[in-house]
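The following paragraphs lead through a structure step by step. Please keep the sequence and the three-dimensional view at hand while reading.

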Amino acid sequence: MGLSLALNTARSSLLASSTQISVSARNTAGATDASYSRKIATVISGGSGATVSVRRASDDALFARMLDATSSLASREALLGGLTSLQQTVGDPDDATSPAAKVAAFTTALQSAANAPDNTDLARSLLDKAGDLAGSLNRAAAAVQTVRQEADTAIRDSVGRINDLLAQFDLANRAVMKGTATGGDVSDDLDNRDRILAKLSEEVGITTVARTGGDLAVYTDSGVPLFDRAARTVTFAATATYGAGTVGGAVMIDGVAVTGKGSPMPLQSGRIAGLAELRDGVAASYESQLDAMAGTLIRAFAETSKSPPPPPADPQRAGLFTNAGATAIPAGDAGLATRISINSAADPQTGGSLATLRDGGMNGTDYRSNPAPVGSDSAYSGRLDALLSKLKENGTYATATGIGGSATLQSFATASAGWIAAQRKTATGEVDYQTTLLTQASGALSATTGVNTDDETARTLQLQQSYTASAKLISVIDDLMKILLNAVG
Amino acid sequence: MQTSFISTLSLWNSPRTGLAKLQTELAKANQEGVNGRHADVGLALGSGVGLGIALRREMEEIDGLKADNGLVSLRLSTTQASLQEMQKAADSVLSSLVGTAPGKRAAAIKEIAATQLSALTASLNKASGGQYLFAGTNAQQEPMADYADAAKAKVAKAFEDTFGFTRDDPRAASIGEADMAAFLDGAFAKLFDADGWKANWSSASSQSLTSRISTTETATTSTTANIEPVRILAMAYVMASDLGATGMSGEVQTLVTDRVIALLGKASDGLVDVQAGLGRSQAMVTAANTRMNAQTALLATQLNDLEGVDQQAAISRGQLIQQQIQVSYNLTSQLRQLSLVNYL
């Protein structure tokens, strides 16, 4: 019968309109949520009226770009944070706080002392400057260890967040799969899953692979599975305290090391990658530069035995600069910046004598350079001159320091200050660049998948008209039915 | 199918996306405008920071050398004054000796020479800036002992060993000219050669001080009490005052005073040479200071070129940024009013 068919169609149109209005209301409510994607209600006309299916606006390519930019930015920001802390050991060149400036001040004091070796004020000042220099190396090394320690703690926190997010992802993924199987509206679950992925991409660079049934697998940007049917465990053994030369632990995902030198599949981006680069790369290089400076100082100021042959077992002993007070010349440089200190035999405050700066002999009279008897020839400048020219000699620095090659202590220290500033400048440039990329990627994503409230308002007005028309139709059919029934009755 | 679409969130955020960056830039521009230096030198220069440190190191080295040169100049000028004093004393003794009749010379200069000998010792023991000027590298020990302390006895012993009696013995009158000449050239002169001098008179080191006066030059900046002119001068004074020549024959007296005249002349010439040598060092120091002053000015300019910014440019950049921020605020507030709902 035509009229009841028309009534049914009008009823289904009424239902379709109200569903569409409710979707519009949902969109308006989510308009200010950056991770909300616009829901699209599509009306499907069929034999017995209209039904509505809801899907969401999405763009997989833009979303992947946004994840990528988020990871890269997080990595560079983590690195920059550490570099900014390390730069403080150099400070503004005008403040003369850097080890390089302390080397310069020390060299100048040594020159002055060599010009007036009998002047105790200048000898005193030389000792003070030597103490300053050793102290600045100690402080810089301590700052490096603090930075490494903080990076280690941040990696631990990051790993905790990843495990947490993977558990959430598991739930969200199940919800999507269940909804897909039952043919329900999964758009909100998809939004939720994307939100978790966005957070995950801050910690670690990820790629996603879509599977049938709405399932999604997540891999790191180096190819290690983070989630595939089930969440994989991410583990990390944090190191409680960092000393000279401490090697931090590696982050393991599913049993594969993803950070550190021995990693077969190292992470490319994400906060963890930046922190690992800081902890194991930049900070470690800077520490080895400081160690090399300390080693050069200890060796340059060593005292040589004058005792007649056969020479003693240790013809050279530490002079003004020592390895934490030991008399032996250290074999390697590792950790020297932390331990370098002034020889107590030169410091009157610890019972030493300033005259040993000029004459040598901090290790006993056998190691004295001044040929004249103790107490005479107080303007002997031979040793101070020799030290000065030794300090200005070229030494060889290992390439592992990041600066490598042949250089004087002064030029190496200066290059080290320049190196850290250059690293920071590069990292800042990269952060700026990645910020721009992320702004663009998320802007493009939001512009495509977000909600336009004006559009929704206009659509609601449109739907209001359609609702009114359907309601009017029902009332018309009702009238027609009445006429028909009256005629029959 | 929508041909163009933008979400409300993107639209509303659009004027504000660059705002945080603009505000950071504004703070930076303000700081640069005030200080005339990069707000963050390390960030602006990168590895150029090393150059800044190197320039500062050079300036510091030069400052240190200039301060050192102050001490050096003081030492040089006081040394010069002492040398001049010695040389003038030698000249005055010489002229009074020459102006006296040969027969009366020995008696006339005996007292003057004794006075000048102690004056010479005092001059050589002069200290400046906490160091003895003529002590060489042994700068903390008084270089000269008093004549009466040790050297006088040695002279007396040498005389006795040669002639068999003391200087005030009446037999001294009988010493022959040739014997006297042999004594003066032999045992007596030996007391004043380099080794005898160090054994009897001087504890100074023969090594004079050298100083670095600029980044590239070193100069000899002191002399010692052991140099030949000083020893000859002391020999002349001792010969004139303490050999007892007045009690000897006329010929011997003439021999001795002639020797004294010759020695005084030689000592005076020698002292002039030493003064000239130190004068060259003084000139080098002055020249080095002038050059280093110019160098400091140059380095300061270079440093300013490296780390400085154009203050005017920074200020006008700041003003431009302020305008941009105002535009951004303005747009944000206008967008807020822009909604279809307001027109229904």
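Which residue takes a positive phi just after H9(B)? That residue is Gly244(B), with a phi of about 70°. Residues are numbered from 1 along each chain as its sequence is written, while chains are lettered from A and ligands numbered from 1 in the order in which they are written. The model is predicted, so local features need a pLDDT of at least 70 and side-chain atom pairs count only at pLDDT 80 or more, whereas totals for chains, interfaces and linings use all residues.

The predictor's confidence comes next. For the complex, the predictor gives an ipTM of 0.83 and a pTM of 0.86. Chain B has an average pLDDT (the predictor's confidence in each residue, from 0 to 100) of 89, and 99% of its residues score at least 70.

Consider now each chain as a whole. Chain A contains 11 helices and 15 strands; helices (H or I, at least four residues) and strands (E, at least two) are DSSP runs, numbered from the N terminus. The C-alpha trace of chain A spans about 145 × 45 × 35 Å along its principal axes. Its radius of gyration, taken over C-alpha atoms, is 37 Å, but a compact globule of 489 residues would have one near 23 Å. The globule rule behind this comparison is 2.2 Å times the number of residues to the power 0.38.

Chain B has 11 helices and four strands. Its radius of gyration is 40 Å, well over the 20 Å that the globule rule gives for 344 residues, so chain B is more spread out than a compact globule. The C-alpha trace of chain B spans about 145 × 35 × 25 Å along its principal axes.

A residue is buried if 20 or more other C-beta atoms, placed from the backbone, lie within 10 Å of its own; it is exposed if 12 or fewer do, and partly exposed in between. Buried residues make up 47% of chain A and 38% of chain B. In helix H9 (residues 228–242) of chain B, 14 of the 15 residues are buried. The expected span of a helix is 1.5 Å times one less than its number of residues, so H9(B) should span 21 Å; its end C-alpha atoms are 20 Å apart, which agrees.

In soluble globular proteins, nonpolar side chains tend to be buried together. A nonpolar core is a set of buried Ala, Val, Leu, Ile, Met, Phe, Trp, Tyr and Cys residues joined through C-beta atoms within 7 Å. The largest one has 129 residues, and Ala113(A), Leu137(A), Val251(A) and Met293(A) have the most contacts inside it. Helix H4 (residues 120–182) of chain A gives the most to this core, with 20 residues. A second, separate core of 57 residues includes Ala135(B), Phe159(B), Phe192(B) and Ala204(B).

Finally, chain A holds an open sheet of four strands in the order E3-E4-E5-E6, with antiparallel pairing; two strands pair if DSSP finds at least two bridges between them. Strands E3 (206–210) and E6 (230–231) of chain A are the edge strands, each pairing on one side only. Two bridges join E5 (residues 225–228) to E6 in chain A, and Ala230(A) in E6(A) is the bridge partner of Asp228(A).
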